[in-house]
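This report looks at a few helices, strands and aromatic rings in one protein model. Keep the sequence and the structure in view while reading.

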Amino acid sequence: MIPVDGEEGPADVCVIELGGTIGDIESMPFIEALCQFSCRVGPGNFCLVHVSLVPVLNVVGEQKTKPTQHSVRGLRALGLAPNVLACRSEKPLDENVKGKLSQFCHVPVENIFTLYDVSNIWHVPLLLRDQKAHKAILTKLDLLSLGEPNLRKWKDRAELCDTLHDPVKIAIVGKYTGLSDSYLSVLKALLHASVACQRKLVVEWVPAADLEELRAIEAPNLHGKAWNMLKGADGILVPGGFGDRGVQGKIIAAKYARENNVPFLGICLGMQIAVIEYARSILKLQNANSTEFDPDTKNPCVIFMPEGSKTHMGGTMRLGSRSTFFHVLDCKSAKLYGNVRYIDERHRHRYEVNPGMILELENAGLTFVGKDETGRRMEILELLTHPYFVGVQFHPEYKSRPGKPSAPFLGLVAASCGQLGRLLQSLSHSDMRTHKDLSINGAPKLNPYQNGDNNKRAYGLYSNGDGVHA
């Protein structure tokens with residue numbers, strides 16, 4: 001099994017996550033496959049961690065073990081016996097509760113751990129380390145020779161996150177803002193970048209449709225609220241999406257950011273609407289559009305560019321990791337990625353910037369600094385005269401990690417809190433070949449997130465250097 005992040009050689013440990021309800025018809029094939037896998041690899045090579053809820057009755061404050069007992073019984077009936085219990089609860093498990101779980105679930109007391117409420121999610125690894133959860137898992141997998149994990153940097157980062165007070169306000173202009181989990185990866189990438197910049201992340205959810213003129217007539221209160229949030233933001237992010245609802249609002253947000261020098265990041269569709277806005281406003285092509293939204297547009301800025309591939313899944317969708325080559329080195333994006341020749345990022349789209357309009361757009365000042373290996377697919381755009389106006393066709397949020405924030409997100413947040421110049425200067429003076437750490441305003445040292453280099457393993461860019469690999 002080869003890791004998806006491009007590391008050479010097979011993985012040392014394979015982690016399989018299976019969610020759902022015991023007895024769920026959709027989960028049954030996966031559970032059966034997991035049973036077969038556990039039998040094939042043998043007892044010393046398989047460790048099953050069962051995550052379960054231990055609710056607390058508010059009336060008496062008693063921790064109830066019945067839900068866990070029932071789920072373990074159902075799991076064992078399917079042929080899987082948990083080796084470790086990770087119990088989610090509001091507070092640490094009482095010793096008598098652990099004893100009861102051990103007795104009825106046939107799991108040693110020392111292999112039962114509590115995942116209780118903490119100030120931020122980054123404390124969870126520390127919580128498990130303090131309860132010796134790693135020893136239980138390593139013992140089962142016969143990997144005790146790995147020793148104790150060094151989580152010093154991770155601990156510093158988790159504690160720093162608790163102490164941040166100076167806000168950086170990012171407006172996310174999207175279609176699904178009523179359900180924030182739709183943009184969970186984007187949120188996490190913003191958090192990684194904000195902690196690196198020592199700022200407390202404040203997200204303003206701006207429904208794209210509320211920015212449109214029609215909404216000013218239908219619901220003036222919502223229209224005014226959306227505009228107040230947009231104008232009060234330090235930076236603007238337009239994420240990906242499908243369908244034409246809210247597209248005009250996203251175009252309006254991109255125009256506002258461009259004209260008012262507000263830091264802007266467009267991802268996938270967010271990059272495409274930035275191109276449409278530029279064509280309409282600068283090239284005066286009022287009917288410029290994407291063929292996704294107007295198949296008959298006379299000025300198609302974005303067109304259907306399917307990819308048929310025998311080695312990648314997704315049908316006509318351009319899906320999975322693809323390389324982007326920098327054609328302009330003196331730009332913010334190239335510097336944020338560490339001045340590498342090319343990067344690898346994950347894609348998920350069918351429509352792209354029309355290659356037939358590139359020359360016209362670039363002559364008008366919109367620069368496509370990153371392209372695919374053929375030079376026909378536009379991957380990264382920038383307005384070089386803008387404080388930070390970047391669009392990417394790929395999804396950089398998927399590779400963002402604590403301590404290794406995604407480059408475009410780090411650039412957005414740094415620009416939004418006035419640190420971009422200092423960050424770029426630090427990057428230009430750093431020697432990436434010797435893997436020197438960087439810091440911003442005294443924040444924990446981090447490595448600018450880059451990938452795609454042939455010498456990734458030698459640079460150590462996929463490890464925090466503290467025993468945590470993400």
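Two strands pair if DSSP finds at least two bridges between them. The model discussed here is predicted.

Strand 15 (residues 367–371) and strand 16 are joined by four bridges and run antiparallel.

A hairpin of six residues links strand 16 to strand 17. Strand 16 (residues 378–382) is mostly covered, since five of its five residues are buried.

Which residues of helix 3 (residues 95–105) are buried? They are Val97, Lys98, Leu101, Ser102 and Cys105. Seen down the axis of helix 3, these buried residues fall within an arc of 135 degrees, so they line one face of the helix. An α-helix has 3.6 residues a turn, so residues three or four places apart point the same way.

The face turned away from the buried side of helix 3 carries the exposed residues Glu95, Asn96 and Gln103. The cover over the buried residues of helix 3 includes strand 3 (62–63), helix 2 (66–77), strand 4 (84–89) and strand 5 (112–116). Just after helix 3, His106 takes a positive phi of about 60 degrees.

## Helix 10

Helix 10 (residues 247–259) has 13 residues. From its first C-alpha to its last, helix 10 reaches 18 Å, close to the 18 Å expected at 1.5 Å a residue. Its buried residues are Val247, Gly249, Lys250, Ile251, Ala253, Ala254, Tyr256, Ala257 and Arg258.

What covers the buried residues of helix 10? The helices involved include helix 9 (220–231) and helix 11 (269–281). The strands include strand 6 (167–174), strand 8 (235–238), strand 9 (264–267) and strand 17 (389–392). Just after helix 10, Asn261 takes a positive phi of about 55 degrees.

## An aromatic cluster

A search of the whole structure finds nine aromatic pairs. A pair of aromatic rings is described by the distance of the centres and the angle of the planes. The rings of Tyr176 and Tyr183 have their centres 6.1 Å apart and their planes at 35 degrees, so this pair is tilted. Tyr176 is partly exposed, with a relative accessible area of 31%. Tyr183, at 4% relative accessibility, counts as buried.

How are the rings of Tyr183 and Trp205 arranged, stacked or tilted? Their centres are 6.0 Å apart and their planes stand at 25 degrees, so the pair is stacked. The cut-off behind this step is that planes under 30 degrees apart count as stacked. Tyr183 lies in the loop between strand 6 and helix 7 (184–196), while Trp205 lies in strand 7 (residues 200–207), so the pair ties together parts that are 22 residues apart in sequence. Trp205 is partly exposed, with a relative accessible area of 23%. Together, Tyr176, Tyr183 and Trp205 form one aromatic cluster.

Note on methods:
Residues are numbered from 1 along each chain as its sequence is written. This is a predicted model: local features need pLDDT of at least 70, side-chain atom pairs count only at pLDDT 80 or more; totals for chains, interfaces and linings use all residues. Side-chain values use heavy atoms; hydrogens and water are left out. Buried means under 20% relative accessible area, exposed over 50%, partly exposed in between (1.4 Å probe, protein chains only). Helices (H or I, at least four residues) and strands (E, at least two) are DSSP runs, numbered from the N terminus. The arc is that of the directions from the helix axis to the C-beta atoms. Contact means heavy atoms within 4.5 Å. The expected span of a helix is 1.5 Å times one less than its number of residues. Rings of Phe, Tyr and Trp (its six-membered ring) pair if their centres lie within 6.5 Å; planes under 30 degrees apart count as stacked, over 60 as edge-to-face and the rest as tilted.
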